[in-house]
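Here is a short tour to read alongside the sequence and the 3D view. Have both open as you go.

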Amino acid sequence: MHNTGKIIIGLLIFLVIAAFPIWYAVAGGKTGEMPVLEKAARGENCIIDSVLMKETHMFLLDDWRDEVVREDDRWYRSMTLDSTIEKSLTRTCLGCHASKANFCDRCHDYLAVVPYCWDCHVDPKEFE
Amino acid sequence: MSALFALLMIIVLLLIPIIGTEVLGLNYVFGVVIPYAAIAMFLIGFVYRIVRWASSAVPFKITTTCGQQKSHPWIKSSSLEAPHNTWGVIGRMALEVLFFRSLFRNTKADLREGPKLVYGPSKWLWAAGLVFHWSFLIILLRHFRFFAEPAPFFVSGLQALDGFFQIGLPIIYLTNVAIVAAVTFLFLRRLYDPKLRYISLGSDYFALFLILSIAASGILMRYTGFRADIVDVKQLAMGLVSFHPVVPETIGVMFYIHLFFVAVLFGYFPFSKLMHMGGIFMSPTRNMANNNREERHVNPWNYPVKTHTYEEWEDEFRDVMKAAGMPLEKEK
Amino acid sequence: MAEKIISPEELAGGIDYKPKKKTWFDPTVEFRRGTWNYAAPAKNLEYLDLPNPRKWSPTDEDWKLPENWKEIILEGLRVRIKRFRSLQLFMDICVRCGACADKCHFFIGSGDPKNMPVLRAELLRSVYRKDFTMAGKLMGKMVGARELTVDVLKEWFYYFYQCTECRRCSVFCPYGIDTAEITMIGRELMNLVGINIEWICTPVANCFRTGNHLGIQPHGFADSIEFAVDELEEITGIRVDAPINKKGAEILFVAPSADYFASPHYYTLLGYLALFHEIGLDYTWSAYASEGGNFGLFHSHEMMKRLNAKIYAEAKRLGVKWILGGECGHMWRVIHQYMDTLNGPADFLEEPVSPITATKFENARNTKMVHIMEFTSDLIRNNKLKLDKSRNDHWHPTFHDSCNPARAMGLIEEPRYVIRACCNNFTEMPENTIKEQTFCCGSGAGLGTDENLEMRLRGGFPRANATKFVHERDGVNILLCICAIDKATLPPLLEYWVPGVEVGGVHEMLGNALVMKGGKPRTTDLRGEPLVGVAQAEEEKKEQEVSEDA
């Protein structure tokens, strides 16, 4: 006895699972698409260098959250803007990047990142 | 000795992508060529091994029964430990594959004064093995956020579950901690138990070190200064799965190290004991029902053999049988 | 026993589970007396048409192998890898997790690291890697590959004849790797170049010729059965019928030959005879198929088939409806897992139905052979037997699951059901030593020889130790089993480790308890030991007489 049939079925299942990304890409057809971020509604510069921002915004926001909530330290000195701004996700960040959906969510969705910012905060746009 | 040799191999493997990308600038080779080659080796090798195994016959039904057979209706049979039909076999295999049923039985024999032999439960190997394998699977599935666009439904669920405690930033995944702890345990037990040290081969240590290196490079990338831009990583990954490879410029060396170790694992897989992944499904003592006397099993190479037939036997013993008054086929 | 064996305390005290060497690659073996078996005599190999018959001994420097021995073995391995997926797979997928290490009775009793199942398999695997895998060819020792040399062959001989194919390791292996498969193939390979042991080849040759391992000729077999009938009559006052080679009987009964020639098997035979008489079974013994056991299993798959063929052939010749099998361990491995595949289909037989209870043995409907425990438990369940448990009150039994019925069949509760129906004082041994986790007697698979005694005592240590535990705790004084090799080899084992515990069969207990119509009141059990009630009654009678006198 060889059980050839069962083994072939098993192998096919294995190959189908192993090739998941390939047929998923074919079926979804969105392979080449990169997240496109909406340009900020106003201003030339971000509050820090934008490349640095891209890499470290999560730490910055995390620090802000702690400082504001626990230490009542609400103001941030921006070198790039040469001004003091409020440590606020909804007012400062979303003040320029008007749409969460067209900015934050683009990369986050692309990489299935689910930040817990929105557990407490609301997107003012959606709220309206 | 063999552990040191395996460690040396890992160090050599570590240097390859560092030199390859940092010094020689072969980013395309390490980002595209090697991953493709590794996946090809994995898939072709895996299928080849299974086909090779499948080409060997299963001449007999040699189920190992770990429980009561099905005989009388009034004796409760153990359908998962001594399955008598296909459903039982599926259940038994599921327990083996998903929960390592047999390893769960593990005991430790201890010889005490008396002499007295005692057998205590020994679940550490089972626990570490289970934690390691499940962590590996969950981590692998989590990585589908890089290989699939949009990220499949299970990714965010797994991430939420895995990062349930929301400790640290980025959130520390339980499986990341678990896999390192479990593999470290599996390594240390090989080192500290004299019996294990005696049976361990260089290749046993190598597999553990390789997986530990993959986990470590991944963790360094996620949680330390060796951070990678995951948008670029996904671009590379999606390029690979859609067969339009691109190599973003900004990807750092830690990513190449990680990717190279993964490639080595995939390429090495079919030629190593890691094939137990496929093999367990084909294990003849587990994947057949204990219904031997109920259903015929056919041996494809069953050949005729020389026997001592009744006629030959009676011819040889006719006289003594006659004298003893025993019935005979032929009187002379 | 040629030499004096050291005391149990000394033997156990010398066991160290820590390997003495750093690696296992060196194949050198010291053939210490008491730990190996004599070589098979040339005449038996010749009789069976086996290769390379010659006079040799494992202690010889030169084993007189054929010139191309290495080629023969590697070619044999190549063929078997294609024939046995078990072998192919077990060569490839072991991860050396070590779960099997302390599950082997030979390792537990000897501490020899090469008796860890994983390492026993590595002995063969190392050669497989060297000659059949790319990694082994390239990486050598790093992946555990070794060249096949004469020393490796000698090492195989030593360790593949220190495995009783009991399958305990396969219960614990996460991939179900069964060392019995490895050992069976290892022995087959060695057979190709004429390396085999007397205690396997001689019974095999005997069985091939006369029909049973002991080489008893038909008239001798008839005499033995007749003698047992006489003895049973002495005990019960009933003369039972025990037909041999009776054509047209409903059932062919096959038991291991030791049952009619060795003690304490013999009392089990008396039990069978009493039972069959009492229920009026229309059955027959066969002198041609006078062996249920099959030492061919310990030799090669081919030899197993050559010997096993007799059972179906005889059933066909006699025109019986189905076959009933007696108490035996490896016999049942062969019948349950091999017989139908090897020598079936038995389409000339009928699906077994108990003529007494009309129960259909559906689990045996294809092979058409029923285990006597299945048969008898069904009788008891249907109240067809009158049993007087008190006749076994002088016994405090425990039950030793024999390896093969437990792990290759799942026959676990049936014998317990029968024992409980026949005995008042049944006790189980600790759970890690019974049922699917049972420990071997240490002498199975052809290793039960006198010259191998030390290794047998070591291998049987876990079983004996568990027996000792219930002996001391509960006063257990008899170890019941349903295996002829057990019955032959457990008595010296227990005498060494736990004196005061006898060995018996389950149908011996049944024979004791069975209340038979007619005959005389029983005063002794089948062994001739006075019954508790009788002894008491006699005492009471005496007392009464004394008081009356006064």
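Predicted model: local features only at pLDDT ≥ 70, side-chain atom pairs only at ≥ 80, totals over all residues.

A112(A) sits in the loop between α5 (104–110) and α6 (117–120) of chain A. Its phi is positive, about 55°, although A112(A) is not a glycine.

Look for K435(C) in the loop between α18 (413–422) and α19 (453–459) of chain C. K435(C) counts as buried, with 23 C-beta neighbours inside 10 Å. Most residues other than glycine have a negative phi, and most peptide bonds are trans.

## Cis peptide bonds in chain B

G114(B) and P115(B) are joined by a cis peptide bond with omega about -10°. P115(B) lies in the loop between β1 (107–112) and β2 (116–121) of chain B. The bond from L169(B) to P170(B) is cis too, with omega near -10°, and P170(B) belongs to the loop between α7 and α8 (174–192) of chain B.

## Where chain B meets chain A

Here 33 residues of chain B are in contact with 30 residues of chain A. On the chain B side, α11(B) gives the most, with 6 residues. That side divides into 21 nonpolar, 7 polar and 5 charged residues.

## The sheet of chain C

In chain C, 4 strands form an open, parallel sheet in the order β2-β1-β3-β4. The edge strands are β2 (283–284) and β4 (369–371) of chain C. Helix α14 (residues 301–318) of chain C packs on the sheet, touching β1 (251–254), β2 and β3 of chain C.

Terms used. Residues numbered from 1 in each chain as written. Chains lettered and ligands numbered in written order. Contact = placed C-beta atoms within 7 Å. Helix = DSSP H or I, 4+ residues; strand = E, 2+ residues; numbered from the N terminus. Nonpolar A, V, L, I, M, F, W, Y, C, P; charged D, E, K, R; others polar. Pairing = 2+ DSSP bridges. Axes fitted to C-alpha atoms, helices over the stretch in contact; angles between N-to-C directions. Buried ≥ 20, exposed ≤ 12 C-beta atoms within 10 Å, placed from the backbone.
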